[in-house]
Amino acid sequence: MAQPQSKKIFFENLSGAGKAIAVLTSGGDAQGMNAAVRAVVRMGLYVGAKVYFIHEGYQGMVDGGENIEEASWESVSSMLQVGGTVIGSARCKEFRSHEGRLKAAHNLVQQGITNLCVIGGDGSLTGANLFREEWSGLLTELVEQGLIEADAVQKYSALHIVGMVGSIDNDFCGTDMTIGTDSALHRIIEVVDAIMTTAQSHQRTFVLEVMGRHCGYLALVSALACGADWVLIPEMPPEDGWEDKMCEKLSANRAGMKRLNIIIVAEGAIDRSNRPITTDNIKDLVVKCLGFDTRVTILGHVQRGGTPSAFDRILASRMGVEAVLALLETTANTPACVVSLCGNQSVRLPLMECVQMTQEVQRAMDGKRFEEAVKLRGRSFENNLKTYKLLAHRKPESELPISNFNVAVLNVGAPSAGMNAAVRSAVRVGISEGHKMFAVSDGFEGFSKGQIKEIKWADVGGWTGQGGSLLGTKRTLPAKHVDKIAEQMREHNINALLIVGGFEAFESLLQLYEARATHEDFCIPMCMLPATISNNVPGTDLSIGADTALNAIVETCDRIKQSASGTKRRVFIIETMGGYCGYLASVGGLAAGADAAYIYEEPFDIRDLQANVEHLTEKMKTSIQRGLVLRNENCNENYTTDFIYQLYSEEGRGVFDSRKNVLGHMQQGGAPSPFDRNFGTKISAKAMQWVTKKLVETFRQGRVFANTEDTCCLLGMRRRALVFQPVVQLKGETDFVHRIPKEQWWLKLRPLMKILAKYKTSYDVSDSGQLEHVVRNRPKESDASVAM
């Protein structure tokens, strides 16, 4: 497949020769830190630098000795799937003193280390920046004390710092997601889903406390992901009199036949007077006012534990490689930077700008300027809060706008996790906007048969955590039923259409747009949300359901690799779904630590297969005992999974044996991940607001008439922005024969997988982060919070 031309740097030109890089983890641990350490070590070695572990964070730097250890390629094997940090983390009072930093400088100079990669929170990164600013003065002192030679001051004149934020709280300004946050959300949602089943059995109210002493991100997003009745966070304390409002809401939900209530509380939750609100306060209040059977669950350090999610592994791997590139490009005048994520793109931001804005949030909260605190957290946080309020609290009928518009929502194509969250969001936002919402069962096939009924606010309660498609979905395209569909639209007076689905949904929308020429019934606003595990829809970087499928692949690969633990050397060949799109194989391979991933978009032949076998044979002669190869189901009609398995078995004979596994439909099932729940919820809310706007714009002389390109759109995420794109304009970007976009952003991640698997390859740096500045309020369209 032809890819856009871009600047590339090659293995020979990535010069880290003569440089020494040290990596440490500091402060609280977070899942994904090990993936970041692994990426820093392997990318550092790849470019020819020496790489060192600093064990036990800053304490190890101060103590020196065995705490500073040279890393090898093999020393970071099998750590990708491990939670916490294997090199240890510790809080260090000594490093806060000048004497402690003097000892640390001496220990680094002894090893020739002048490049530091620090993975931690704002305290750890602030400490690193202070260390950098004092560096030359510390070296002068060491010379005066006779601990180092005078020429060392010139030789090691500058200390270069790059930070990566590892924090489950997502409390660092300047980045959409910090390493560990997504995994912590996985732990919370697993617990909430489990609690909901027992709460429903006994008609109980559960009050859950999640981490977040100064930041309510985990509480807010988990409340959004599970449809909690009430959430309490430090950035936006409830209005005075909230106790009565909360009890009214809980009571109303029970009266509406809901058998349970979920209240989520951040550990730092406060009221408007800055007094703490505890789980026990809330329990006592609910029991006293309502008499409901109420239980408290404090999740505690469960949220820090467990294996990292696919998202955190990919994020940490991308950030680790970016951190090494940043260190290679830094000069004595370059400020210390943080490698960060904005939308779907890595960026570099000045460390102290991020730290200062993070501290501003706390000052705003201390000064009771809560609206300002929410804005300072960033547009992603602000958008989460608005969406939660919109979906959780139904306005009284008297306060709803009267629009007299009927909006239909349907699923098209194969089911994917997160579809139900998108439908719930569409229904509730639509009702809030004053529309009458209609649900269509079984896609366009059901539409043609009149399987259309009005759907109310309460009908979609509890849908966010459900996998598959509760509306029912079919692959049938509308072209052959167009007359019957038009008839049903007239009969139900449908004024707008929201389609949630995959490539079939995209084709359907194109067909409906073309049908406008013969059927005026389709001259209405129409919008599509991409929802497919294959992530093969043009016009978007991500699709609802792909993250859940990636997690299923990664969890299975972890188990399969573990099955070989303690046995002889073994290579596993795993087949993934995706049609002709190699997204799951490639990105799943990066997250699972694969040695190779065969995809249709990157043609390969027998020589490539032979080279991969030889590469694995060399690796198996070291201490590495297991290999992992992923194959997209349609990557090549001749080089099937069986063929590759037999080839590896034969060519690896005497060195390793092989096993194969076809993952199949397990990638499509299961409860949606927190990411997919929130992505579906937020883009669906945005789509419904667009629908409302278009309905108002196109309502003339008592009817809706929309026949322009910009009234038939796909809402997708492009780099940093959520963008509405006319489907007609996306035709030229699409390979309809193979049902994939002609250009796919994730192909730029494939060299990362190869580099981390010890292949010599070219690496595209056209998208490599350039140093930017922290922006308080990004343009409205660029709330690219990627769902989170």
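This is a predicted model: local features need pLDDT of at least 70, side-chain atom pairs count only at pLDDT 80 or more; totals for chains, interfaces and linings use all residues.
**View 1. A look into the largest cavity.** Here 20 residues form the lining, and those nearest the centre are Phe311, Ile314, Asn344, Leu542 and Tyr583. Helices to look for are α10 (310-329), α18 (546-563) and α19 (583-592), each supplying at least two lining residues. The most comes from α10, with 6 residues. By class, this lining has 15 nonpolar, 3 polar and 2 charged residues.

**View 2. The second largest cavity.** Its lining includes Met164, Val165, Leu315, Met319, Val339, Ser340 and Leu341. The lining has 8 nonpolar and 3 polar residues, and no charged ones.

**View 3. An open sheet of 4 strands.** Follow the parallel-paired strands in the order β20-β21-β19-β22. The edges belong to β20 (596-598) and β22 (657-662); each has a single partner strand, so one side of each has no neighbour in the sheet. On average, neighbouring strands are turned by 20° against each other, direction ignored. Zooming in, β20 pairs with β21 (residues 626-632) over 3 bridges in the parallel sense, and Ala597 stands opposite Leu630 in β21.

**View 4. Helices across the sheet.** Helix α20 (residues 606-620) lies across β19 (570-576), β20 and β21, at about 160° to β21. Helix α21 (residues 641-651) lies across β19, β20, β21 and β22, running at about 165° to β22.

Methods: Residues are numbered from 1 along each chain as its sequence is written. Side-chain values use heavy atoms; hydrogens and water are left out. Two strands pair if DSSP finds at least two bridges between them. Axes are lines fitted to C-alpha atoms, for helices over the stretch in contact, and angles run from 0 to 180 degrees between N-to-C directions. Contact means heavy atoms within 4.5 Å. On a 1 Å grid over the protein atoms alone, a cavity is a set of points where a 1.4 Å probe fits but cannot get out, and a pocket is an open set with protein on both sides within 12 Å along at least five of seven lines; lining residues have an atom within 4 Å of a point. Ala, Val, Leu, Ile, Met, Phe, Trp, Tyr, Cys and Pro count as nonpolar, Asp, Glu, Lys and Arg as charged, and the others, Gly among them, as polar.
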